[in-house]
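Please view the sequence and the structure before reading on.

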Amino acid sequence: MIIIKTAEEIEKMRKAGALAGQVLSYIEPYVNEGVSTLELDNLCAEFTKNHGAISAPLNYHGFPKSICTSINNVVCHGIPSVKDILKNGDIVNIDVTVILDGYHGDTSRTFMVGDVDEKIVNLVTRTEKAMYRGIAAVKAGKYLYEVGRAIEKYIAKFGYSIVQTYGGHGIGKDFHEDPHVLHHFSQHNKIRLKEGMIFTVEPMINMGQSNQVETSTTDDWTVTTADGSISAQFEHTILVTSGEAEILTAR
């Protein structure tokens, strides 16, 4: 069941979203060569706590850390570790979700470390543009599948692939609510959008032509591209309005 948020809930979601965006802005100067992803996790957790919120991923279905850090061919759900040291040329997606006053704000960004190969830079910038194409397609009265259609139309010309195993999601009091948001065109997303719906748009784009992914059998969380290709992702939490969608996690 898709929950239409009340005016009071929307205001709380704005505050949670704004804080999630602030966490990503705060961590940006620390994303450098030689830094471990565990250091980034500790910094984000401390910032979140100091602002009166908690980190939603921590202990969520057993996830052991406060943020997700997905490097290079890791598509999503990378676990911060003292052993994962950022290197020149890496890209890393930092996925942040906070709970403030009982409501969630969820956002992510792919950062580039040092001198990144031009082809990978293109992947990152195009993935961000794809997210905004999807967000631009959101408007009350339209169908949710327009999000996936817009992303797919933009991405197709580059020879990349769109991960279909994972997608966006409704969000509010719960971390994950209906609807499931596909980032490719599908009639399964033939859902009429209504004002007050809140969900994430978060395309995961692989540089390779395969959209297949694998989940680690060691930690049961880390998802990588099946062919080893580089993957990028960006995410915002958005509110459906009568006009343009409102980005609640804008930085």
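The sections below cover ring pairs and then strands in this predicted model.

## Aromatic pairs

A pair of aromatic rings is described by the distance of the centres and the angle of the planes. The search of the whole structure finds 8 aromatic pairs. One of them is formed by Phe-63 and Trp-221, an edge-to-face pair with 5.1 Å centre to centre and 90° between the planes. Phe-63 lies in the loop between strands E1 (54-55) and E2 (68-71), while Trp-221 lies in the loop between strands E11 (213-215) and E12 (223-225). The two are 158 residues apart, and the pair links distant parts of the chain. Both Phe-63 and Trp-221 are buried.

Tyr-145 and Phe-185 also form an edge-to-face pair, at 5.1 Å centre to centre with 70° between the planes. Tyr-145 belongs to helix H4 (residues 145-155), and Phe-185 sits in the loop between strands E8 (177-181) and E9 (198-201), 40 residues apart. Is Tyr-145 buried or exposed? Tyr-145 counts as buried because its relative accessibility is 10%, and buried means under 20%. Phe-185 is partly exposed, at a relative accessible area of 28%.

Elsewhere, ring pairs join Tyr-26, Tyr-30 and Phe-47 into a cluster.

## An open sheet

Three strands, in the order E3-E12-E11, make up an open sheet with antiparallel pairing. E3 (74-76) and E11 each have a single partner strand, so one side of each has no neighbour in the sheet. On average, neighbouring strands of this sheet are turned by 40° against each other, direction ignored.

E11 and E12 pair over 3 bridges in the antiparallel sense. Thr-215 has Val-223 in E12 as its bridge partner.

Methods:
Residues are numbered from 1 along each chain as its sequence is written. This is a predicted model: local features need pLDDT of at least 70, side-chain atom pairs count only at pLDDT 80 or more; totals for chains, interfaces and linings use all residues. Side-chain values use heavy atoms; hydrogens and water are left out. Rings of Phe, Tyr and Trp (its six-membered ring) pair if their centres lie within 6.5 Å; planes under 30 degrees apart count as stacked, over 60 as edge-to-face and the rest as tilted. Helices (H or I, at least four residues) and strands (E, at least two) are DSSP runs, numbered from the N terminus. Buried means under 20% relative accessible area, exposed over 50%, partly exposed in between (1.4 Å probe, protein chains only). Two strands pair if DSSP finds at least two bridges between them. Axes are lines fitted to C-alpha atoms, for helices over the stretch in contact, and angles run from 0 to 180 degrees between N-to-C directions.
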